[in-house]
Amino acid sequence: MTRWSTTTSTTRAPSRDSLTASSRTGNGGGTSSGSDVSATLRAKRALDVAVSGSLLVLLAPVWVAVLGAVGLDMLRCPRDRGPLLYREPRVSAGRPFRLLKFRTLRRDVLAVAAGHVRPYEADVANLTWAGRRVLKPVYLDELPQLVNVLRGDMSLVGPRPWPAELVERQVARGVDYRLRVPAGWTGAAQVSKGLDAQFEQLDLDYVALLENGSARAVVRRDLGLLRRTVRTMLRGEGLAN
């Protein structure tokens, strides 16, 4: 059994009551049988473990390069000093978890960001030298999320992990898929940056496949999105919010 089932927690996150209420609106649509969905989730989890574990090993030289760049930055620029990693509260399948990232913001800006750094990362003046020159251009700051994937906090592919308050606003509109499916390191919406696309609809299309499609179709879709992610990052475009 995976860790993707919705549970209660003392950490602030959308409640099971929110899920029940929004499900009554018919937003989720028809789904396949529970056994089919379980088989799909098992196949998806097996892919997550195999790929994230392999990448963590293969990308070990990249981690060393990041450590070197950040260490050099902190030696030459005192205001850039601070922890290597930071954790942001996020929601995946209705559960709160701590999203891991390499720190790209100066410590004083990080304190103001209060757990949601993306709006602050848009201003290069807020970034450390390593964040600006090394991490953000190809989104190396996202690499620690492979540890989240390996632990089962999230999946390789799925909707972007959002803070609880944004999830609550979405649920209030009757859109509850972030309470039902695991968040993703990448996904259809994330790799569509710069395209004329409705991110929420891309998420909904993926959720429909996950809840109604076969395990083979989901794995094939995940592999395709992972290939697109690599191309997007190598072009230096980054991933959409």
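Guide: Let's start with one term: a salt bridge is a side-chain nitrogen of Lys or Arg within 4 Å of a carboxyl oxygen of Asp or Glu. Keep in mind that the model you see is predicted.

Visitor: How many salt bridges does a search of the whole structure find?

Guide: The search turns up 14 salt bridges. In one of them, the side chains of K44 and D222 meet, with 2.8 Å from N to O. K44 belongs to helix α2 (residues 34–58) and D222 to helix α11 (residues 215–234), so this pair ties together parts that are 178 residues apart in sequence.

Visitor: Are K44 and D222 buried or exposed?

Guide: Both K44 and D222 are buried. To use that word you need a cut-off: buried means under 20% relative accessible area, exposed means over 50%, and partly exposed is in between.

Visitor: Let me try that on another pair. What are the relative accessibilities of D141 and K136?

Guide: D141 has 0% relative accessibility, so D141 counts as buried. K136 is buried because its relative accessible area is 12%. These two form a salt bridge as well, with the closest N and O atoms 3.3 Å apart.

Visitor: Since we've landed on α10, how do I read a helix? How many residues does α10 have, and how far does it reach?

Guide: Helix α10 has 14 residues and reaches 20 Å from its first C-alpha to its last, close to the 20 Å expected at 1.5 Å a residue. Next, look at which residues are tucked away: the buried ones in α10 are D203, Y206, V207, L210 and E211. They cover an arc of only 130° around the axis, so they are on the same side of α10.

Visitor: Now rings. What makes two of them a pair?

Guide: Rings of Phe, Tyr and Trp (its six-membered ring) pair if their centres lie within 6.5 Å, and planes over 60 degrees apart count as edge-to-face. By this rule, the count here is one aromatic pair. The pair is W63 and F102, which are edge-to-face at 5.3 Å centre to centre, with 70° between the planes. W63 sits in helix α3 (residues 60–76) and F102 in strand β2 (residues 95–102), so to speak two distant parts of the chain, 39 residues apart, linked by the pair. F102 counts as buried because its relative accessibility is 1%.

Visitor: Where do charges lie over ring faces?

Guide: R76 lies over the face of W129, at 5.5 Å from the ring centre. R178 lies over the face of W162, and there the distance to the ring centre is 3.6 Å.

Visitor: What about the backbone? Which value does phi of A93 take?

Guide: Phi of A93 is near 55°, which is a positive value in a residue other than glycine. You'll find A93 in the loop between β1 (85–92) and β2. A93 is buried, with a relative accessible area of 1%. Y139 also has phi near 55°, again a positive value in a residue other than glycine. Y139 lies in the loop between α6 (129–135) and α7 (145–151), and at 11% relative accessibility Y139 counts as buried.

Visitor: Could we zoom out? How many helices and strands are there?

Guide: The protein chain has 11 helices and four strands. Of its 241 residues, 46% count as buried. As for contacts with a separation of 6 or more, residues 24 or more positions apart account for 71% of them.

Terms used: Residues are numbered from 1 along each chain as its sequence is written. This is a predicted model: local features need pLDDT of at least 70, side-chain atom pairs count only at pLDDT 80 or more; totals for chains, interfaces and linings use all residues. Side-chain values use heavy atoms; hydrogens and water are left out. Rings of Phe, Tyr and Trp (its six-membered ring) pair if their centres lie within 6.5 Å; planes under 30 degrees apart count as stacked, over 60 as edge-to-face and the rest as tilted. Buried means under 20% relative accessible area, exposed over 50%, partly exposed in between (1.4 Å probe, protein chains only). A charge sits over a ring if NZ of Lys or CZ of Arg is within 6 Å of the ring centre and within 35 degrees of the ring normal. The expected span of a helix is 1.5 Å times one less than its number of residues. The arc is that of the directions from the helix axis to the C-beta atoms. Contact means heavy atoms within 4.5 Å.
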